[in-house]
Amino acid sequence: MVGGILKKIFCEIILILVILFSLLSLNVYSISSKDYTINPISESKLNSIWSSINIKKITEDETDSILNTPITGFDLSDNGEIVLALIDERILIIEDDGSFVCAFDFKANGSYNVRWNKDNNIELFLTRGFIIIEFTTDGELVSIKSIVENVDNQETWRLMQKEREVAYNDKVLSVENHLGPLNLLTFQSYTQLVLTGVDGHNNVLYDAGIYVVLRSLLIISFVFIWLFVFGSYFIYVCKKK
């Protein structure tokens, strides 16, 4: 009987950890300019997708009231503006000195990323459904495209996932983690956006370290509480035997 209880406790702990990792795991990549093969999309489906994504522009004050959250993707425009996709379903645009330009929130199921296109519009990539949503920096819809799920497109997507930095004039813009052992709890997202000059000097443009520390403490506390509760229950059962 005790063996069965221990097995049940172990399975429940593993299940909780798997759920936490699946909810918090996101791929990080800056976007290549390589084009995809596109499927046609009906007007009714287009309207349905745009309505469900619900992209809304938010103010700097609203953004300042929220802790900086880790980066799931980024891209750099020709004029030096940087677009960031953040894990809490927000898009942030900043200058190359880190100053605020504008921001958006939206709704999405699954992982996502962003890029600039040649018209300086934002393209939001949604892994679920293989969809690209193009909208302006005013939050106006331009187009919605459905990507053909063929070998070439999947390979392009895979290659994008490997990118961690982009060249910017004589500098390098990259995403990094800087929290030592806590980097294990960033779940493939990144806490810093760093601009590295030719002299090797690093200028941190965006930092989400506080959020990751707080989230890590919450996860660790939850695991210890769970272990304590079931450990106490196990001791209680053993004493009754």
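I began at the end of helix α2, where the next residue, N54, has a positive phi, near 55°. I note that the model is predicted.

I then looked up the whole protein chain. I found five helices and 15 strands. Of its 241 residues, 42% count as buried. The accessible surface comes to about 13,300 Å², and carbon and sulfur atoms account for 57% of it. I also checked contacts between residues at least 6 apart in sequence: 56% of them join residues at least 24 apart.

Back to α2, which runs over residues 43–53. Which of its residues are buried? I listed L46, I49 and I53. They lie on the same side of α2, because they cover an arc of only 70° around the axis. On the face turned away from the buried side I found the exposed residues E43, S44 and S51.

What covers the buried residues of α2? I noted that the cover includes β9, β10 and β11 (141–147).

I followed these strands into their sheet. Five strands form an open sheet, in the order β2-β11-β10-β9-β8, with antiparallel pairing. The edge strands, β2 (38–39) and β8 (112–116), each pair on one side only. In general, strands of a sheet pair through backbone hydrogen bonds.

Last, I looked at one pair. Strand β9 (residues 122–126) pairs with strand β10 (residues 131–135) over five bridges, in the antiparallel sense. In this pair, F125 stands opposite I132 of β10.

Technical notes. Residues numbered from 1 in each chain as written. Predicted model: local features only at pLDDT ≥ 70, side-chain atom pairs only at ≥ 80, totals over all residues. Heavy atoms only, no water. Pairing = 2+ DSSP bridges. Helix = DSSP H or I, 4+ residues; strand = E, 2+ residues; numbered from the N terminus. Buried < 20%, exposed > 50% of the residue type's maximum accessible area, 1.4 Å probe, protein only. Arc of directions from axis to C-beta. Contact = heavy atoms within 4.5 Å. Areas by Shrake-Rupley, 256 points an atom, 1.4 Å probe, with all protein chains shown as cover.
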